[in-house]
Amino acid sequence: MANSNADFVSMRAGRRQHRAPAAWLALAAVLSVQAHAQESEELVSLINDFRGAAEACGSGEAQTVGPLAPNDALALAPATSGAQLQQALQESGYRPSKLQAISVSGPGDAQSAMQALRQRYCAPLRSHDFAEIGVSRQGNTWQVLLAKPLLSPDIGDWQQVGKDVLKRVNEARAQPRKCGKQAFEAAPALSWNGELADAALAHSRDMAKQDYFSHRAPDGSQVSDRASRAGYSWQRIGENIAAGQGSAKQVMAGWLASPGHCSNIMNPDFTEMGAAYAIDKSSAAGSYWTQVFGTPR
């Protein structure tokens, strides 16, 4: 749209100036909001890619971290003070058990914002303390809110919650989707498999009990070993893990906002799935989630 940022448009022939129609200004505002929303989604994806890479902050240990789940209640306009942020959080209704606000000014796009965040805020971006995220932009100021939600004392029976995850997976697979830069067509629905669910439960409980977060267990076993132990005869196997989320909805939001995890969910070569969670309040993350995908022999 030519001259969309101007207050006036000129018409040379009659040497008259007319104000841009209100509809044009409204459309420009809508397009600006949509562009910022897409950039915010891209930054969340880049942050989750960063958390999923085995990198270290300074001299720390190189390890992967679970994906952050986007939450609209955290996508607040950049605040100029702690009091303003607190007020905005109260109005949004979000009650975190832990929160960190990060702000960078200057970057003109999500890639540049990610570079600035990696340089200045590596440790909080890779912290196990957080499970949800909200990103907002105003001009060239970006705000990232990292939060740990209050966990319900009773999330529910692990099998019922696991089957809720399956329902949400099949809803996601029912339509085309982009996972990062990779495009996927709609994929057939997955079926629940009890052996894969048992493998998922065993790994979630082990991570919670031994307070670690990894696809590789302390005994060296991987998802293929755990599925075989559970009695599943597989020709293809895959796994997603997460930590800190308090519901099937939250954990699915995190997986879908992470390109690698999203790709597993949309992979048309998988036909079955099992999922489970475990809680240990003395652990770093509190809750641990495992999703195992398989295709039987």
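Buried, as used in these legends, means under 20% relative accessible area, with exposed meaning over 50% and partly exposed lying in between. The views that follow are taken from a predicted model.

View 1. His261 lies in helix α9, which spans residues 259–266. Because its relative accessibility is 14%, His261 counts as buried. Leaving aside residues up to four places away in sequence, His261 touches Pro67, Asn240, Ile241 and Trp255. Helix α9 also holds Cys262, which at 0% relative accessibility counts as buried.

**View 2. The disulfide between Cys179 and Cys262.** Cys179 and Cys262 form a disulfide in which the sulfur atoms are 2.0 Å apart. The pair links distant parts of the chain, with Cys179 in strand β7 (residues 177–179) and Cys262 in helix α9, 83 residues apart. The torsion about the S-S bond of Cys179 and Cys262 is about -55°, and the disulfide is therefore left-handed. Cys179 has a relative accessible area of 3% and is therefore buried, and Cys262 counts as buried at 0% relative accessibility.

**View 3. The disulfide between Cys57 and Cys122.** A search of the whole structure finds two disulfides, and one of them is formed by Cys57 and Cys122, whose sulfur atoms are 1.9 Å apart. Because Cys57 lies in the loop between α1 and β3 while Cys122 lies in helix α4 (residues 122–125), the pair ties together parts that are 65 residues apart in sequence. With a torsion of about -80° about the S-S bond of Cys57 and Cys122, the disulfide is left-handed. Cys57 counts as partly exposed, at 26% relative accessibility, whereas Cys122 is buried, with a relative accessible area of 15%. When the bonded cysteines of the chain are numbered in sequence order, the pairing reads 1-2, 3-4.

**View 4. Ala54 in the loop between α1 and β3.** Ala54 lies in the loop that runs between α1 (22–52) and β3 (69–70), and Cys57 lies in the loop between α1 and β3 as well. At 57% relative accessibility, which is over the 50% cut-off, Ala54 counts as exposed. When residues up to four places away in sequence are not counted, Ala54 touches Ala62, Gln63, Thr64 and Arg126. Ala54 and Val65 are 11 residues apart along the chain, and their C-alpha atoms are separated by 8.2 Å.

**View 5. Helix α6, from its start to the residue just after it.** Helix α6 (residues 194–210) has 17 residues and reaches 24 Å from its first C-alpha to its last, a span close to the 24 Å expected at 1.5 Å a residue. At the start of α6, a side-chain oxygen of Asn193 reaches to within 2.9 Å of the backbone nitrogen of Glu195. Just after α6, Asp211 takes a positive phi of about 55°.

**View 6. The buried residues of helix α6 and what covers them.** The buried residues in α6 are Leu196, Ala197, Ala199, Ala200, Leu201, His203, Ser204, Met207 and Ala208. An α-helix has 3.6 residues a turn, so residues three or four places apart point the same way. Cover for the buried residues of α6 includes the helices α5 (158–173) and α7 (223–229), together with the strands β9 (191–192), β10 (234–243), β11 (272–279) and β12 (287–296).

View 7. Strand β12 is mostly covered, with nine of its 10 residues buried. Nine bridges join β10 to β12, and these two strands run antiparallel; within β12, Trp289 stands opposite Ala242. Eight bridges join β11 to β12, which also run antiparallel, and here Ser287 in β12 stands opposite Ile279. The strands β10, β11 and β12 are among the elements that cover the buried residues of α6.

**View 8. The chain as a whole, for orientation.** The chain has nine helices and 12 strands, and buried residues make up 44% of its 297 residues. Among contacts in the chain with a separation of 6 or more, residues 24 or more positions apart account for 70%. The accessible surface of the chain comes to about 15,100 Å², of which 47% belongs to carbon and sulfur atoms.

Methods
Residues are numbered from 1 along each chain as its sequence is written. This is a predicted model: local features need pLDDT of at least 70, side-chain atom pairs count only at pLDDT 80 or more; totals for chains, interfaces and linings use all residues. Side-chain values use heavy atoms; hydrogens and water are left out. Helices (H or I, at least four residues) and strands (E, at least two) are DSSP runs, numbered from the N terminus. Buried means under 20% relative accessible area, exposed over 50%, partly exposed in between (1.4 Å probe, protein chains only). Contact means heavy atoms within 4.5 Å. The expected span of a helix is 1.5 Å times one less than its number of residues. A polar contact is a pair of N or O atoms within 3.5 Å; within protein, one must be able to donate a hydrogen and the other to accept it, and residues adjacent in sequence count only if both atoms are side-chain atoms. Accessible areas come from the Shrake-Rupley method with a 1.4 Å probe; for residues, only the protein chains shown count as cover. Two strands pair if DSSP finds at least two bridges between them. A disulfide is a pair of cysteine sulfur atoms within 2.5 Å.
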